[in-house]
Amino acid sequence: MDLAERYFDGKDWRYVDHSTGFAPMQSFAFDDTFSESVGKDLSCSVVRTWIHQHTVILGTHDARLPHLKEGIRYLVDERGYNVIVRNSGGLGVVLDQGILNFSLIFKGKTEISIDEAFNLMYLVVNKMFEDEHVTIETKEIERSYCPGKFDLSINDKKFAGISQRRVRGGIAVQVYLCVEGSGEERAEMMKAFYDKALQGEETKFKYPDIDPSCMVSLETLFGHELTVQDVMFKLLYAIKDLGGTLNMEPISEEEWERFEKYFERMIARNAKINAKMDD
């Protein structure tokens with residue numbers, strides 16, 4: 001049985017639209033909440049869309065940059081971005097109104113490997129854009145920001161990155177899709193962040209040497225107007241085309257209680273970074 005059959009054919013998916021009204025730290029807390037729900041069989045699989053304005057999400061390795069203060073001050077004071085540290089893998093990424101994030105959250109422990117879970121996301125994204133008649137590749141675009149094995153690219157131009165987190169029997173695979181605007185401009189900002197946060201120092205961890213020209217938006221790649229709203233519809237149609245059904249079951253009282261706990265953990269994680277900034 002292939003991945004589409006295992007996870008979509010005849011399977012129910014719960015759609016949670018968080019494209020407005022929530023803060024970035026809340027998004028990561030919600031993904032942990034729903035991961036626990038599906039892990040405990042309290043919910044079917046979940047697809048959650050989320051959009052945030054002017055935020056740079058740093059990874060745990062970014063929090064160890066030798067001149068992190070200077071990097072964050074550049075993002076906040078000169079560029080007007082908020083900065084938080086996430087609880088899933090990877091390095092820094094840019095979020096704004098032209099970036100669509102969505103999470104596929106499903107039950108799993110050892111029965112689906114890390115690579116298979118990433119491939120499930122690739123399957124969905126590929127289905128979303130099959131009418132564009134393009135070849136989407138999964139390979140590391142080394143000089144992008146947040147480079148990884150499962151970067152999504154067309155003609156070596158990266159438009160998306162994928163991360164994964166496993167919590168209490170549930171798996172959340174998260175993707176950011178650069179839909180509108182300039183991927184190159186976003187990459188230029190992240191290049192400047194790393195320049196200021198590293199200041200030429202040698203570090204054990206290798207941070208990306210960003211070439212802004214290797215990152216691009218989907219509307220640029222396709223050569224026609226494309227909005228985040230368009231892509232949200234493409235996502236829902238893709239799940240249906242893969243054989244899944246959709247519901248909009250509301251967040252339960254128990255889930256709200258769990259969410260508060262996960263949100264508190266995100267606040268505590270970021271309080272440590274804020275403390276460093278105050279030193």
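View 1. The largest cavity has a volume of about 40 Å³. A cavity is a set of points, on a 1 Å grid over the protein atoms alone, where a 1.4 Å probe fits but cannot get out, and lining residues have an atom within 4 Å of a point. Grid points are joined across faces, edges and corners, and a volume is the space filled by probe spheres set on the points. The count comes to one cavity of 30 Å³ or more. This is a predicted model, in which local features need pLDDT of at least 70 and side-chain atom pairs count only at pLDDT 80 or more, while totals for chains, interfaces and linings use all residues. Residues are numbered from 1 along each chain as its sequence is written, and side-chain values use heavy atoms, with hydrogens and water left out.

The lining consists of Y145, K158, F159, A160, Y176, C178, G183, R186, M215 and V216. Two or more of the lining residues come from each of β9 (157-167), β10 (170-178) and α5 (183-198); helices (H or I, at least four residues) and strands (E, at least two) are DSSP runs, numbered from the N terminus. The largest share, three residues, is given by β9. By class, the lining has seven nonpolar, one polar and two charged residues. Here Ala, Val, Leu, Ile, Met, Phe, Trp, Tyr, Cys and Pro count as nonpolar, Asp, Glu, Lys and Arg as charged, and the others, Gly among them, as polar.

View 2. Buried means under 20% relative accessible area, exposed over 50%, and partly exposed in between (1.4 Å probe, protein chains only). β9 pairs with β8 (residues 152-154) in the antiparallel sense over three bridges, where two strands pair if DSSP finds at least two bridges between them. S153 stands opposite K158 in β9. Two residues separate β8 and β9 in a hairpin, and N155 in the turn has a positive phi of about 55°.

With β10, β9 pairs in the antiparallel sense over eight bridges, and V167 stands opposite G170 in β10. This hairpin also has two residues between its strands, with R168 in the turn at a positive phi of about 50°.

**View 3. The open sheet β4-β3-β5.** Three strands form an open sheet in the order β4-β3-β5, with mixed pairing. Its edge strands, each pairing on one side only, are β4 (82-85) and β5 (93-95). Neighbouring strands of the sheet are turned by 25° against each other on average, direction ignored. Strand β3 (residues 55-58) pairs with β5 in the antiparallel sense over three bridges, and V56 stands opposite V94 in β5.

**View 4. Aromatic pairs.** The structure holds 15 aromatic pairs. Rings of Phe, Tyr and Trp (its six-membered ring) pair if their centres lie within 6.5 Å; planes under 30 degrees apart count as stacked, over 60 as edge-to-face and the rest as tilted. F8 and W13 are stacked, at 5.0 Å centre to centre and 15° between the planes. F8 is buried, with a relative accessible area of 0%, and W13 is buried, with a relative accessible area of 0%.

F205 and Y207 form an edge-to-face pair, at 4.9 Å centre to centre and 70° between the planes. F205 counts as partly exposed at 29% relative accessibility, whereas Y207 counts as buried at 9%. Ring pairs also link F22, F30, F34, W256, F259 and F263 into a cluster.

Note on methods: 1 Å grid on protein atoms, 1.4 Å probe; cavity = no way out; pocket = protein on both sides within 12 Å on 5 of 7 lines; lining within 4 Å. Axes fitted to C-alpha atoms, helices over the stretch in contact; angles between N-to-C directions.
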